[in-house]
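Open the structure in a viewer and keep the selection tool at hand. The stops below say what to select next and what is there.

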Amino acid sequence: MKKIMTMMLVLAFSLSGYVYAQENQPDPKDHEKIKALEIAFISRKLNLTENEAQRFWPIYNEYKRDVNQVMLTQRNNPNKDVVDDEQRILDVRKKYRDRFVGVIGQPRMNKFFQAEREFRGVLLNQLKNRPNKPMLQRQKRN
């Protein structure tokens, strides 16, 4: 079962390279595909029971909404401070920490935050290694 899930994730990540191919604005459908891949990735890493999943995902959706709101605010702030930006994200994580611990326990809450970071790394790696990568090409320095 683990091999099948791993193969499905690898295939999905391989296909996700096409998500951003030669597009400046990602298609909303592609965003949904990435979200589904993230959910599958985190589910596999946390090995959630059905009961835990029913309680975890609504909290996760609230958490993700709050993180996205902070990131959107940061993106639109021309006078942003990187340290303050990181602190705001950390504050959101702390806000949800006890709720996650209540559902999945401390060790798996730590695993969750690691899995979330790992997923971003895997996704970025896929984007960097796709054949046509106009969005991530390095700019030449003068």
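Buried means under 20% relative accessible area, exposed means over 50%, and partly exposed is in between, with a 1.4 Å probe and protein chains only. This is a predicted model, in which local features need pLDDT of at least 70, side-chain atom pairs count only at pLDDT 80 or more, and totals for chains, interfaces and linings use all residues. Residues are numbered from 1 along each chain as its sequence is written, and side-chain values use heavy atoms, with hydrogens and water left out.

**The whole chain**

Start with everything shown. The chain has 4 helices and 0 strands, and from the N terminus on its elements run α-α-α-α. Helices (H or I, at least four residues) and strands (E, at least two) are DSSP runs, numbered from the N terminus. Of the 142 residues, 31% count as buried. Contact means heavy atoms within 4.5 Å. Among contacts between residues at least 6 apart in sequence, 67% join residues at least 24 apart.

**Helices α2 and α4**

Select residues 28–46 for helix α2 and residues 82–128 for helix α4. Their axes come within 9 Å and cross at roughly 140 degrees. Axes are lines fitted to C-alpha atoms, for helices over the stretch in contact, and angles run from 0 to 180 degrees between N-to-C directions. Angles under 35 degrees count as roughly parallel, over 145 as roughly antiparallel, 65 to 115 as roughly perpendicular and the rest as oblique. α2 and α4 are therefore oblique to each other.

The crossing of α2 and α4 is right-handed. A crossing is left-handed if the near helix is turned anticlockwise from the far one by less than a right angle, and right-handed if clockwise.

To see the contact, show side chains on both helices. On α2 it is made by Ile 34, Leu 37, Glu 38, Phe 41, Ile 42, Lys 45 and Leu 46. The residues of α4 that take part include Ile 104, Arg 108, Phe 112, Glu 116 and Phe 119. By class, this contact has 10 nonpolar, no polar and 6 charged residues. Ala, Val, Leu, Ile, Met, Phe, Trp, Tyr, Cys and Pro count as nonpolar, Asp, Glu, Lys and Arg as charged, and the others, Gly among them, as polar.

**Glu 38**

Now pick Glu 38, which lies in helix α2. Is Glu 38 buried or exposed? At 8% relative accessibility, Glu 38 counts as buried. Leaving aside its neighbours within four places in sequence, Glu 38 is in contact with Tyr 60, Lys 64, Glu 116 and Phe 119.

**Asn 47**

Move along to Asn 47, in the loop between α2 and α3. Its phi is near 50 degrees, a positive value in a residue other than glycine. Most residues other than glycine have a negative phi. Asn 47 is exposed, with a relative accessible area of 61%.

**Helices α3 and α4**

Next select residues 50–75, helix α3, and keep helix α4 in view. α3 and α4 pack at an angle of about 165 degrees, with their axes 9 Å apart. That makes α3 roughly antiparallel to α4. α3 passes α4 in a left-handed crossing. By class, the contact of α3 with α4 has 15 nonpolar, 2 polar and 12 charged residues.

**Aromatic rings**

Which residues do ring pairs link into a cluster? They are Phe 56, Trp 57, Tyr 60, Tyr 63, Tyr 96, Phe 100, Phe 112 and Phe 113. Rings of Phe, Tyr and Trp (its six-membered ring) pair if their centres lie within 6.5 Å; planes under 30 degrees apart count as stacked, over 60 as edge-to-face and the rest as tilted. A search of the whole structure finds 16 aromatic pairs.

- Phe 56 and Phe 100: the ring centres are 5.3 Å apart and the planes stand at 40 degrees, so the pair is tilted. Phe 56 lies in helix α3 and Phe 100 in helix α4, so the pair ties together parts that are 44 residues apart in sequence. Phe 56 is buried at 0% relative accessibility, and Phe 100 is buried at 0% too.
- Tyr 63 and Phe 112: the ring centres are 5.8 Å apart and the planes stand at 70 degrees, so the pair is edge-to-face. Tyr 63 is in helix α3 and Phe 112 in helix α4, 49 residues apart. Both Tyr 63 and Phe 112 are buried.

**Trp 57**

End at Trp 57, in helix α3. Trp 57 is buried, with a relative accessible area of 15%. Not counting residues up to four places away in sequence, Trp 57 touches Ile 39, Ile 42, Ser 43 and Leu 48. Trp 57 and Phe 100 are 43 residues apart in sequence and 9.8 Å apart in space, C-alpha to C-alpha.
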